[in-house]
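In these notebook entries I record what I looked up in one structure. I began with the whole chain and ended with a single residue.

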Amino acid sequence: MHWFLMATAAVILASCAATAPTPSTVSAATASEELAASGRDIAEAQCAACHAVGVYGESPNPDAPVFRTVLQRYSADVLEEELIEGVRVSHPMPEFQFNPQGTDALIAYLRSIQETPPAQ
Ligand code: HEC
């Protein structure tokens, strides 16, 4: 029975190796996708009560701009600084504290959902 398991494992390993794309390109794409994905989690947890945080839909709070266009009016760099300081972006929302990783993630997510890519 052992030989069978070993042989099966070897086949599985071999097929993984054969289909795995080159590590360098993949890890780059995956890292930024993961960053944006955790930014989406933050947005859904902390911002979605008022803002539309996805690629469609209206904001629950009509005064809160939808995130998919927010970088058209706000430069990502400015927003990043303000997020790190705790959001004080001119508005009546609770203050948030993000660590730099959380901020990077949120900005990466915002960039990924913009309808028109910000001119940068
Ligand atoms: C309690 C409701 C509420 C929550 C939660 C909330 N916001 Fe807001 N946000 C608003 C409102 C209302 C405005 C518009 C205020 C104004 O225009 O004066 C706004 C505006 C903004 C703006 C400025 C957009 C612009 O074009 O000027 C940004 C950026 C922003 N919010 C980011 C966030 C982020 C990031 C989160 C989550 C971490 C979040 N907000 C959570 C209510 C909220």
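**Entry 1: the model and its confidence.** I noted that the structure is a predicted model. I looked up the confidence and found that the chain averages a pLDDT of 76, with 61% of the residues scoring at least 70. I then asked which of the elements has the lowest mean pLDDT and which the highest. Helix 1, residues 2-19, has the lowest at 54, and helix 5 has the highest at 89.

**Entry 2: the elements.** I looked up the make-up of the chain and recorded five helices and zero strands. Read from the N terminus on, the order is α-α-α-α-α.

**Entry 3: burial and contacts over the chain.** I found that the chain has 120 residues, of which buried residues make up 17%. I also looked at contacts with a separation of 6 or more, and 54% of them are accounted for by residues 24 or more positions apart.

**Entry 4: the core.** I asked how many residues the largest nonpolar core has. The count is 14, and the residues with the most contacts inside this core are Ala43, Phe67, Leu106, Ala108, Tyr109 and Leu110. Two or more residues of this core are given by helix 2 (23-46) and by helix 5 (100-113). Helix 5 supplies the largest share, seven residues.

**Entry 5: helix 5.** I looked up the span of helix 5, which has 14 residues and reaches 20 Å from its first C-alpha to its last. This is close to the 20 Å expected at 1.5 Å a residue. I then listed the buried residues of helix 5, which are Thr103, Ala105, Leu106, Ile107, Ala108, Tyr109, Leu110 and Ile113.

**Entry 6: Thr69.** I located Thr69 in the loop between helix 2 and helix 3 (70-73). Why is Thr69 described as partly exposed? Thr69 is partly exposed because 14 other C-beta atoms lie within 10 Å, whereas a buried residue needs 20 or more and an exposed one has 12 or fewer. I noted that Thr69 is in contact with Gln114 and Glu115, leaving aside neighbours within four places in sequence. Finally, I recorded that Thr69 and Arg111 are 42 residues apart along the chain, and that their C-alpha atoms are separated by 9.5 Å.

How values were computed
Residues numbered from 1 in each chain as written. Predicted model: local features only at pLDDT ≥ 70, side-chain atom pairs only at ≥ 80, totals over all residues. Core = buried A, V, L, I, M, F, W, Y, C linked by C-beta atoms within 7 Å. Helix = DSSP H or I, 4+ residues; strand = E, 2+ residues; numbered from the N terminus. Contact = placed C-beta atoms within 7 Å. pLDDT = per-residue confidence, 0-100. Expected span 1.5 Å × (residues − 1).
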